[in-house]
Structures are given as C-alpha cells and as structure tokens.
Amino acid sequence: MTPVKILSVDDEMDLELLLTQYFRRKIRKGEYEFYFAHNGLEALTMLLKVKDIDIILSDINMPEMDGLTLLTKVNEMQNPALKCIMVSAYGDMGNIRTAMNNGAFDFATKPIDLDDLSVTIEKAIEQIDYIKKSQAEHTQLESLKTDLAVAGEIQHAILPRIFPPFPENDYELDLAALMTPAKDVGGDFYDFFRIDKEHIGVVMADVSGKGVPAAIFMAVSRTLIRAIGLQGYTPDVCLTKANELLCGESVDSMFVTVFYAIYNIYTGELDYCNGGHNSPYILRSDGRVEQMPISTNCMVGVIDGFTFNKDKAQIGVGDTLVMYTDGVNEAFNTEFVEYGDDRMEKVLAELNGKSCREVIDGQLEDVRRYAEGAEQSDDITIMALKRKA
C-alpha cells in the first residue's frame, strides 16, 4: 500500500507535533506520510525533492511566501491529483474565498478541528484516487491507440502493395487493389501471388466482426490461403483445406467469406471458388456489366468437413474482373440508405474500359460521394484484374 503523502506548510512549529500526534496510528500503519515546511518557499523546495506529494495543507498567512502565492505556484504545475487544503483564521473569510476561487480543494479554520480536518483529508483522498485512476485509464487508452496504429501499419504491410505486381506480364495483365479499413485495423483482405509461369492466384475476403479480433483472424486466414494456394491446389481444394484448419481453430464462431481464383495469364481462363462472398463483376469489353453467379458454397470456417465446389469463367481481351467486399455495396449515407448493387453496376458501367486503378478509384470516390460524410461503417476493399492481350 502506498502511503498518502501530506505536506503541511505553516510557520507555527507546534502544528507539526499536533498533526503527528493526532494521525500517529495512520502514520504507523503506513497510510499517511507527513512532510513539513514553514513557508511557501520551503514548500516549493520540498515539492521539488518529493515528486509525489498528494495533499498540501497550507496556512494562508506566512512570511516570505504566503499560502495564496503558493497556491498560484501549485496551479502552474497543472497536476489535478495534487489537492490543496487552505488554513486561516476564522475571520479571514476574504482570503479563504480567494483561495477557493483559485482552485483550493477545501479549507479549515484555526484553531484547527482535527476531527473535521481528518474528514476533509479523506474526501481529498477519494478525489485523488479517482483522478489517478482516470489518468491511468487515459494512459492505457493512449497506449492502446498507439498499439492499434502500429497494428494497422503491420496489417497494411502484409498485403501486396507493389503495382504493377507482375511487370514481366505487363503486356498481358493489369491488376490493382485497395483496402480502406473502417477502424484502425480491419477484417478485409486481398491477395495475389504467382503460382507458376502461366497462373496467378487472386483472393478477396472479408472476416466476420470488426476490430482487433477480426484483424488477427484476417492475418491467419490470409496466411493459410496463400500457403495452400502456392502449392498449386485448385480453388475448391484450397478453400476446403483452409476450412478444415480454420474450423479446428475458430474462436467465438468467427468465419471468413472468400473468393479465390486461379487466372491463366495467357488464355484468360478463370478457375474460381466462391466461399459465401459477394459475387464479383466482369466488365466486358463491349460495355456489358455481368455479375458472376451467386455462391453455392458456405463461408470458410463455419462447417467442418464441408466440400467446396469450383466454377469457371472466361475473361476476354479488354475484360475486367472486379472483386470487392460488402463495404462497397452496403455503404450508408447520412439517411441510413444503402448504396446498393444497382448503383454499383451503374458506376462500373461508366468506368468500363478504364485501367484497374481508375476503376477502383472511381468506385471508391462514388461511394464516398454517396455517403455524404457519413461515418464509414465497414471496411472497403476492391481489387480489379484486366486482361490486356
């Protein structure tokens, strides 16, 4: 138990004996620890030597530096956990009122009623404990904010950020992606990686929940899918294996929706498996906007032993595959009206034919314009892949 440190400032020497005698039991138990000074200057020197004084019990009328001047100096320290109890003669109400107006916690009049002073000190201790607890919580909150900011930087760092990602195939392929979390960290992720000379894997996923738990589950899911995908397994086998592992480790019923596809750079063939995710769009070179079939598979990490099915699509020259999370089509404006699939399809039609980066930036800009300043309620992630030749 840390003792409450009390600094008594008074030019009357007998007060020191009076206080130590009255509070002797608390002093012996280590509850109170007294320090003494005889004027304001001595008190300031003591405050420099003993950094954690809790309560100052100060007379107002003293030589060299009076109590009101001392109170002004204490206020300049800007320590809300340091409480001043001012002492003066009963008839000196003008100075006592000045002291209270200048931030003194309470006052006592001479001759001091030690029983009443004891109650006043206990009240001050309650205030001090509350303030110190609030300060500790504030410090903890600031530390947490710093940790979250670092976690957000780490999360962004583990996602591919170099574009174009496959410069050796720049003639055949355009690819871009963007993730905008709603909080410091998010549950969305995208990924892409080369499997062999002809094939690349592309992943778009959305973890259930928000914040730190979703971010941790996101990192695990992304690592699993990438590790399995790099071994060359077909999309259905990849998600089946990832599902088995995530079901075995799932905490608090968390799951992830995943669209995983293997794209042939030279033929445009797309083998894919959609694990409960939003159906991507294909922007055809002739201006049509096609939404791919709705997933018949469950989310990844929900049903242990589930066997995922794959499907195929053909990406023609000039076509663009647009993958996204529901932070796009389920964005809300200030009137809580959803952005919706119809508006998204209309915007994509207007962006058809543009580069992947222009498609992503144009879609994101329209979502923000629609939101009209409403707080982003979900992570927004978009990835676009265009067959150039």
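## Strand 6

In this predicted model, strand 6 spans residues 173–180. Seven of its eight residues are buried, so the strand is largely enclosed by the rest of the structure.

Its partner is strand 15, residues 380–387. The two run antiparallel and are joined by eight bridges. In one of these pairings, leucine 173 bridges to arginine 387 of strand 15.

## Nonpolar cores

The largest nonpolar core holds 48 residues. Ile200, Val202, Val256, Val258, Leu270 and Met383 touch the most other members. Strand 9, residues 256–264, supplies the largest share of this core, with seven residues. Another core lies apart from it and has 24 residues, including Val9, Leu44, Ile53 and Ala104.

Valine 258 has contacts beyond four places away in sequence. Among them are Val203, Met204, Ala205, Ile225 and Leu239. Cys273, Asn274, Gly275, His277 and Val300 are also touched by valine 258.

## Cis peptide bonds

The bond from lysine 110 to proline 111 is cis, with omega near -5°. Proline 111 sits in the loop between strand 5 (106–110) and helix 6 (114–158).

Phenylalanine 163 and proline 164 are also joined by a cis peptide bond, with omega about -5°. Proline 164 lies in the loop between helix 6 and strand 6.

## Positive phi outside glycine

Glutamate 64 is not a glycine, yet its phi is positive, near 70°. This residue belongs to the loop between strand 3 (55–59) and helix 4 (67–76). Glutamate 64 is exposed, at 66% relative accessible area.

Glutamine 78 has a positive phi of about 50°. Its loop runs between helix 4 and strand 4 (83–89). With 70% relative accessibility, glutamine 78 counts as exposed.

Methods: Residues are numbered from 1 along each chain as its sequence is written. This is a predicted model: local features need pLDDT of at least 70, side-chain atom pairs count only at pLDDT 80 or more; totals for chains, interfaces and linings use all residues. Side-chain values use heavy atoms; hydrogens and water are left out. A nonpolar core is a set of buried Ala, Val, Leu, Ile, Met, Phe, Trp, Tyr and Cys residues joined through side-chain atoms within 4.5 Å. Buried means under 20% relative accessible area, exposed over 50%, partly exposed in between (1.4 Å probe, protein chains only). Helices (H or I, at least four residues) and strands (E, at least two) are DSSP runs, numbered from the N terminus. Contact means heavy atoms within 4.5 Å. Two strands pair if DSSP finds at least two bridges between them.
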